[in-house]
Amino acid sequence: MPECDNPLWPCAMTGAVACLAGFDGITVVIHGSSGCYYYPATLLHAPLEGTFIMEQEVIFGSEDRLREVIGRLAGNGKRAAVVTTCVPAILGEDIRSVLASHDTILVDSPGFSGDLETGYRAALDALSPAVDPAVPGVNIDGLCLLDPFYRGNLQEVLRLLRLASVPVGTIFCSDAAENVNHASPYTIGTNGDFSSGVGEFLGGTLGLDTVTQTISEVCRHIPGSDPDPVIREAEREKERVIRACDKFLRRFDPPRVAIFAGLAYARFAEEALRTWLDADILCIGARNDPGSSPEYITRATGMNEVKALITEHRPDLILGSSFEQAAGESCGFVGIVPPLRGRVSLAPRTIAGTTGTLSFIENVLNECMDHRKRTARGT
């Protein structure tokens, strides 16, 4: 069996489930073993169904077990979406024919087919989203249940659009399933790693300047909208960030930072830290494909690579997940990517919009000061 490509980042199967589970009106069925069910169930905290195939199904075939589960779900008012895992894919079973008599969605996204983003895109493609020119406003995309910021990002972008008097189209992926086929002609994003590709993309919402540019562009397309309230807010908050960062830099040296995250959040963090804190960005270990990025941005797919980057560059601040926190336990740490263990997180947190930039800089400044206090105490 092919091995998982990236042990630090969820597989394609989990990405497909994360996409589909965000839509009301869809019941996600994971066709695989109990482990393939409980992994996304634990990460996503969403209601899921599974076939829980055992050794008998691996030997004699899992079609009957799948029919049993789909039959049990029939009549619940929701459309079933079946996501295949590694074992059924390796067995080569004709899952499509098994589902032919049911109104289901099939996403062939076994873990070895790619990473989280690959599965997310495969699931979205299987939903066949379509633009409806009669739908006003803009869509919001980039939302993924796995993202620790997805709820806060959605609330923040909805707030900004209301402030600019812009109607909201379809939200990818956190909406009613029927709205997938009635999307607005225009889209803005919260996280470029999970872009929908639906409609004309008008811009992102990571960073204060990006927010003002995107909302201004949106208002050029949407009659009756007004970007000025958002622009005024962004300018006001920018002054607050400048004052806080200048105060920090009068007392301390700029931080030396290693960033580990998906490329979209990593590049946002890099730009924010360089702009406001004159930070030295030592390295970026991207969870996903960095493409044609500068040479200091590499793909970090395992703990050995993460440890090597931290040992080589010796940062005093790490942005990343609990994996990087454990690897650089003597460094300051701000969590921006899952998993984030050992903490309770109930309230929505945002990294998008004006509030997202404020929250990000606030967390970095507080952690840098706390880290210096811990270092001075020798703890």
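Start by selecting residues 208-221: that's helix 9, which lies across strand 6, strand 9 and strand 10. Helix 9 runs at about 135 degrees to strand 10 (axes are lines fitted to C-alpha atoms, for helices over the stretch in contact, with angles from 0 to 180 degrees between N-to-C directions; contact means heavy atoms within 4.5 Å). Helices (H or I, at least four residues) and strands (E, at least two) are DSSP runs, numbered from the N terminus.

A word on what's loaded: this is a predicted model, where local features need pLDDT of at least 70, side-chain atom pairs count only at pLDDT 80 or more, and totals for chains, interfaces and linings use all residues. Residue numbers run from 1 along each chain as its sequence is written, and side-chain values use heavy atoms, with hydrogens and water left out.

Next, bring up the sheet: it's open, with 4 strands in the order 7-6-9-10 and parallel pairing (two strands pair if DSSP finds at least two bridges between them). On the edges sit strand 7 (168-171) and strand 10 (200-203), each pairing on one side only. From one strand to the next, the twist averages 35 degrees.

Zoom in on strand 6 (residues 138-141), which pairs with strand 7 in the parallel sense over 2 bridges. Pick V138 and you'll find its bridge partner, V168, in strand 7.

Last stop: A326, in helix 13 (residues 322-327). Buried or exposed? A326 counts as exposed because its relative accessibility is 52% (buried is under 20% relative accessible area, exposed over 50%, partly exposed in between, using a 1.4 Å probe and protein chains only). Select K307 too: its C-alpha is 9.5 Å from that of A326, with the two residues 19 apart along the chain.
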